[in-house]
Amino acid sequence: MPLHTHNETGERLTLHKFAQGGDVNAFSEDVRQGLTAKQKYLLPKYLYDDLGSRLFEAICLLPEYYLTRAEKSILQNQSDEIVSHLPLPSRIVELGSGNAEKTRFLLEALLKRQTTLHYLPIDISEESLRRSSEELLGNYDRLRITAYAADYFRALRSIVKADENEHTVVLFLGSNIGNFSEDEAMNFLQQVRSILEVGDALLLGADLKKSEEILIPAYDDALGVTAAFNLNLLVRMNRELNADFDLRKFQHRAIYNKKFGRVEMHLVSKEEQTVTLKALELRVHFAKGESIHKENSYKFDLEQINSLGLNTGFALQQTWYDPQQQFSFNLLKAQ
């Protein structure tokens, strides 16, 4: 099936906006499937509407959320060294670019080593893409941007290579790989590998295993921003699916599942209740204490990262850590 996009093209910015009808239908069907499962669940990608994206940006500023500080320290201090290991000249494809604040360190390091740079950010939030792209173009006059307002897989299928002499480097920053189960992570990396040629690369962020005392506050902060981020998904269903979720009857909960090595986030029903989603002609019953499993965040060690790469057509070339060794950047070369 062809991908339908609406394109906006400026002097240095092209924005591909994928047809919204399919996205609405996908949201409806994914919500129906998730809320009728034995263990109710919702897919985390739907957290990132425009408000959700802004709330996540706020989470990244919280004192409990160590990931942003650890990741930023690597990029601030080691971007030049990271770029020295990349195949050049390169174009940069970033999955889940958000506000691109962290990416700037890598873009600047690359612009020291090549005369121009083509940046291809992919994000589900059109507003975040537009805002960050315009700001980047204002700051870097040798930058060209082709942006994709779409989910990862749709955008990856539509990317074509214009310059045969140019390598592709995919960025998957943050701890986003941790949102996937092992099978999902392998499928995801295989799809990334499918757009790469031998010698191209993936720079993969991965959060490392650590104590529960550090992990839980990072996903359940005292200010309640993470709770608002998660509850916003109920607001989205109320708005887009004509649902009647009462946010006061649900609470956010983060737990560490030692067996699977992951933090789980749930929305827990405070009482027995029934919710109606009129657009789906669906009524969903919740028992008191029943949860919607909303997101996982798996934590890794180097052996797991190496194995994940080997099983998906990559070889782990280099790993960089923050001073506390809480977070890692991993350079995986396409084999």
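The axes of helix H3 (residues 66–84) and helix H4 (residues 103–111) cross at roughly 25° and come within 9 Å. This is a predicted model, in which local features need pLDDT of at least 70 and side-chain atom pairs count only at pLDDT 80 or more, while totals for chains, interfaces and linings use all residues. Residues are numbered from 1 along each chain as its sequence is written, and side-chain values use heavy atoms, with hydrogens and water left out.

Helices (H or I, at least four residues) and strands (E, at least two) are DSSP runs numbered from the N terminus. Axes are lines fitted to C-alpha atoms, for helices over the stretch in contact, and angles run from 0 to 180 degrees between N-to-C directions. H3 and H4 are therefore roughly parallel to each other; angles under 35 degrees count as roughly parallel, over 145 as roughly antiparallel, 65 to 115 as roughly perpendicular and the rest as oblique. On the H3 side, Lys72, Leu75, Gln76, Ser79, Asp80, Ile82 and Val83 meet Phe105, Leu106, Ala109 and Leu110 of H4, where contact means heavy atoms within 4.5 Å. Of the residues in this contact of H3 with H4, seven are nonpolar, two polar and two charged. Here Ala, Val, Leu, Ile, Met, Phe, Trp, Tyr, Cys and Pro count as nonpolar, Asp, Glu, Lys and Arg as charged, and the others, Gly among them, as polar.

Helix H2 (residues 50–59) packs with helix H9 (residues 225–240) at an angle of about 165°, and their axes are 9 Å apart. H2 and H9 are therefore roughly antiparallel to each other. Their contact is made by Leu51, Gly52, Leu55, Phe56, Ala58 and Ile59 from H2, and by Val225, Thr226, Ala228, Phe229 and Asn232 from H9. Eight residues of this contact of H2 with H9 are nonpolar, three are polar and none is charged.

Now turn to the strands. Three of them form an open sheet in the order E8-E9-E12, with antiparallel pairing; two strands pair if DSSP finds at least two bridges between them. Strand E8 (250–257) and strand E12 (291–298) stand at the edges with a single partner strand each, so one side of each has no neighbour in the sheet. On average, neighbouring strands of this sheet are turned by 20° against each other, direction ignored. Strand E9 (residues 262–269) pairs with E12 in the antiparallel sense over seven bridges. Histidine 266 stands opposite histidine 293 in E12. Helix H8 (residues 212–219) lies across E8, E9 and E12, and runs at about 155° to E8.
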